[in-house]
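These are my notebook entries on a single structure. I set down what I looked up, entry by entry.

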Amino acid sequence: MERILVIGGNGNIGFPLIKYLSATNKVEITAGVHNLTKDRPKFDNIPNLELKHFDFLDSSTFPQAFKGVSKVFFVRPPQLANPKVDMLPFLKYAQKQHIEQIVFISLFGVEKNKRTPHHQIENMIEELNLPYTFIRPSFFMQNLNTTHREDIVKNHDLFIPAGKSRTSFIDTRDIAEVAGIALLNDKYLHQKLNITGPSALTYYEIAEIMTKVLGVKITYSKPSLLKFRKAMLQRGLKKDFVNVMVMLYLITQLGNAKTVTDETNKILGHAPRTITDYVKDYKEYFI
């Protein structure tokens with residue numbers, strides 16, 4: 001069986017991808033994680049899996065992670081915002097290993113946003129002539145239970161600078177399944193897949209859905225970009241990470257996140273999850 005390296009195997013895309021690939025019984029998997037001791041218990045019951053230490057900033061971790069691997073999946077860690085420094089050595093190493101496919105989780109509308117790290121990474125992959133599949137999802141539903149969870153739990157508020165704009169949110173579990181299908185089917189080589197959820201919603205509408213599902217009044221305070229940036233920096237988030245977030249929400253305010261495609265449905269063969277499905281499944285994170 002061929003072996004696939006999933007970098008960020010403990011993440012909200014990487015872990016469901018590993019479960020999907022493992023269930024097919026068609027491939028062996030190497031999960032690249034940053035902290036072996038901390039992450040090992042999460043993978044205890046997954047067959048056909050090896051766990052390896054991996055760090056984009058430490059090239060000494062590359063050889064063991066790539067051992068026997070023919071395909072690679074990765075997501076850019078949000079704290080790494082300088083692709084020429086923190087991604088290019090990894091991509092050049094993948095090139096030398098003659099990797100058959102590299103699947104990168106990019107960004108919906110990335111072709112219009114040349115300042116985003118995702119745009120730079122796509123360009124580097126193409127310039128290195130790596131066989132690629134770019135998956136370009138819209139905003140993750142799971143941003144709510146990660147990046148924005150503190151405000152929802154403490155203040156019952158969506159403290160998000162998106163204005164009155166609409167966003168075609170997608171569940172990361174659907175992104176993972178799309179990635180799994182792309183890794184197992186050569187027809188997705190050199191494809192740029194623009195995937196979204198089934199509808200575009202405002203954060204006012206999301207607040208209403210969360211209120212109904214959680215039984216707790218959730219508001220949307222619609223902060224300015226400057227207010228949001230200041231609050232995130234005060235919480236100790238890295239400046240580069242905050243700046244990328246602000247850039248993405250500016251793009252949202254400009255109306256560039258509202259497009260809905262049927263690509264997800266076509267690839268999966270079924271409808272993607274709705275925001276209501278997501279809130280019901282992740283209810284424990286918010287109450």
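Entry 1, serine 165. I worked from a predicted model. I located serine 165 in the loop between strand E7 (157-158) and helix H8 (172-184). I looked next for polar partners of the side chain. It reaches the backbone oxygen of alanine 162 at 2.5 Å, and a polar atom of the side chain of serine 165 lies 3.3 Å from the backbone oxygen of threonine 252. Leaving aside residues up to four places away in sequence, I found serine 165 touching Leu201, Thr202, Tyr203, Thr252 and Gln253.

I found lysine 164 in the loop between E7 and H8. Its relative accessible area is 65%, so lysine 164 is exposed. I noted 6.2 Å between the C-alpha atoms of lysine 164 and threonine 202, which are 38 residues apart along the chain. With residues up to four places away in sequence not counted, lysine 164 touches Thr202, Tyr204 and Lys222.

I traced an open sheet of seven strands in the order E3-E2-E1-E4-E5-E6-E8, with parallel pairing. Strand E3 (49-53) and strand E8 (191-195) are the edge strands, each pairing on one side only. I recorded an average twist of 15° from one strand to the next. I also examined strand E1 (residues 3-7) and strand E4 (residues 69-75), which run parallel and are joined by four bridges. Arginine 3 has valine 69 as its bridge partner in E4.

I counted 23 aromatic pairs. Phenylalanine 15 is buried at 14% relative accessible area, and phenylalanine 43 is buried at 5%.

I then took up phenylalanine 74 and phenylalanine 104, a stacked pair with 4.8 Å centre to centre and 25° between the planes. This pair links strand E4 with strand E5 (residues 101-105), its two members being 30 residues apart. Phenylalanine 74 is buried at 0% relative accessible area, and phenylalanine 104 is buried at 0%. I noted a cluster linked by ring pairs, with Phe74, Phe104, Tyr93 and Tyr132 among its members.

I found lysine 42 over the face of phenylalanine 15, at 4.6 Å from the ring centre.

How values were computed
Residues are numbered from 1 along each chain as its sequence is written. This is a predicted model: local features need pLDDT of at least 70, side-chain atom pairs count only at pLDDT 80 or more; totals for chains, interfaces and linings use all residues. Side-chain values use heavy atoms; hydrogens and water are left out. A polar contact is a pair of N or O atoms within 3.5 Å; within protein, one must be able to donate a hydrogen and the other to accept it, and residues adjacent in sequence count only if both atoms are side-chain atoms. Contact means heavy atoms within 4.5 Å. Two strands pair if DSSP finds at least two bridges between them. Axes are lines fitted to C-alpha atoms, for helices over the stretch in contact, and angles run from 0 to 180 degrees between N-to-C directions. Buried means under 20% relative accessible area, exposed over 50%, partly exposed in between (1.4 Å probe, protein chains only). Rings of Phe, Tyr and Trp (its six-membered ring) pair if their centres lie within 6.5 Å; planes under 30 degrees apart count as stacked, over 60 as edge-to-face and the rest as tilted. A charge sits over a ring if NZ of Lys or CZ of Arg is within 6 Å of the ring centre and within 35 degrees of the ring normal.
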